[in-house]
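Please read it alongside the sequence and the coordinates.

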Amino acid sequence: MLFGGSLGSEELNRIGVEIARKYANQKGVTFIFGTGNDYYADVMEILKKEGLDCCENIRPLAYIDGMPRTLSAADVIIGRAGALSVAEITMSGRAAIFVPSPNVTADHQYYNAKAVADNGGAFIVRESENTVSEVIEKLDELVSDRELIEKMGKASFEIAPVNATDIIYDKIMETYGR
């Protein structure tokens with residue numbers, strides 16, 4: 001699964017198109033490709049030109065409804081590393097390949113991703129001229145090693161904010177009293 005949020009990401013969509021090319025019609029692989037509303041038509045045009053728009057195992061979507069269900073169906077998730085995305089991915093206990101946006105304040109997406117990667121739950125690929133090939137390389141590594149996917153998924157869940165509501169409540173009570 002790859003997604004760049006509701007608005008999408010040009011860089012992630014380049015990666016997604018390459019994944020579609022590589023895994024089109026491959027048995028045992030389903031690729032859910034969240035393009036974002038702003039990029040859907042452009043991505044579909046590329047996929048159509050290459051004959052990839054009708055591959056049964058490639059599922060491009062402008063917007064992913066039912067994100068918890070979709071995350072739980074995925075083995076590997078590729079995406080940005082905003083706080084909510086990272087929380088959703090870790091709560092689902094999935095291996096991830098994060099491509100943090102370089103256009104955010106204080107590089108915070110990198111540090112969000114690093115928290116998961118440092119625990120063994122994700123790979124981080126920085127945007128560069130080699131981003132697409134680096135992500136494909138990491139994805140190939142995961143696709144060929146089911147045990148690694150499971151190990152990374154467990155490591156991801158270990159740092160999931162399972163008690164987020166309690167943390168927020170405690171912080172409010174600490175700040176504003178009882």
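Gly-36 lies in the loop between S2 and H2, where helices (H or I, at least four residues) and strands (E, at least two) are DSSP runs numbered from the N terminus. At 0% relative accessibility, Gly-36 counts as buried, a class that means under 20% relative accessible area, with exposed meaning over 50% and partly exposed in between (1.4 Å probe, protein chains only). This is a predicted model, in which local features need pLDDT of at least 70 and side-chain atom pairs count only at pLDDT 80 or more, while totals for chains, interfaces and linings use all residues. Residues are numbered from 1 along each chain as its sequence is written, and side-chain values use heavy atoms, with hydrogens and water left out.

**Surroundings of Gly-36**

- Leaving aside neighbours within four places in sequence, Gly-36 is in contact with Gly-5, Ser-6, Leu-7, Gly-8, Leu-61 and Ala-62, contact being defined as heavy atoms within 4.5 Å.
- The C-alpha atoms of Gly-36 and Glu-10 are separated by 9.4 Å, although these residues are 26 residues apart along the chain.

**The sheet**

- Six strands form an open sheet with parallel pairing, and their order is S3-S2-S1-S4-S5-S6; two strands are said to pair if DSSP finds at least two bridges between them.
- Strand S3 (58-61) and strand S6 (122-124) stand at the edges with a single partner strand each, so one side of each is left without a neighbour in the sheet.
- Strand S1 (residues 2-3) pairs with S4 in the parallel sense over two bridges, and S1 also pairs with strand S2 (residues 31-34) in the parallel sense over two bridges.
- Phe-3 stands opposite Gly-79 in S4, and the bridge partner of Phe-3 in S2 is Gly-34.
- S4 and strand S5 (residues 95-98) pair in the parallel sense over four bridges, with Phe-98 in S5 as the bridge partner of Gly-79.
- In strand S4 (residues 76-79), Val-76 and Ile-78 point one way while Ile-77 and Gly-79 point the other way, and all are buried.

**Helices lying across the sheet**

- Helix H4 (residues 83-92) lies across S1, S4 and S5 and runs at about 155° to S5; axes here are lines fitted to C-alpha atoms, for helices over the stretch in contact, and angles run from 0 to 180 degrees between N-to-C directions.
- Helix H7 (residues 146-158) lies across S4, S5 and S6, and runs at about 85° to S5.

**Packing of H1 with H2**

- Helix H1 (residues 10-23) packs with helix H2 (residues 40-49) at an angle of about 25°, and their axes are 11 Å apart.
- That makes H1 roughly parallel to H2, given that angles under 35 degrees count as roughly parallel, over 145 as roughly antiparallel, 65 to 115 as roughly perpendicular and the rest as oblique.
- Asn-13, Val-17, Ala-20 and Arg-21 in H1 meet Val-43, Ile-46 and Leu-47 in H2.
- By class, this contact of H1 with H2 has five nonpolar, one polar and one charged residues, where Ala, Val, Leu, Ile, Met, Phe, Trp, Tyr, Cys and Pro count as nonpolar, Asp, Glu, Lys and Arg as charged, and the others, Gly among them, as polar.

**Two buried helix residues**

- Thr-70 lies in helix H3 (residues 67-73) and, at 11% relative accessibility, counts as buried.
- Apart from neighbours within four places in sequence, Thr-70 is in contact with Met-1, Ile-32, Ile-64 and Asp-65.
- Ala-113 has its place in helix H5 (residues 108-118) and counts as buried at 0% relative accessibility.
- Not counting residues up to four places away in sequence, Ala-113 touches Ala-81, Phe-98, Pro-100 and Ile-124.
- The C-alpha atoms of Ala-113 and Val-17 are separated by 23 Å, with the two residues 96 residues apart along the chain.

**Positive phi in the loops**

- Asn-25 is found in the loop between H1 and S2, and its phi is near 60°, a positive value in a residue other than glycine; Asn-25 is exposed, with a relative accessible area of 57%.
- Asp-107, in the loop between S5 and H5, has a phi near 55°, again a positive value in a residue other than glycine, and at 21% relative accessibility Asp-107 counts as partly exposed.
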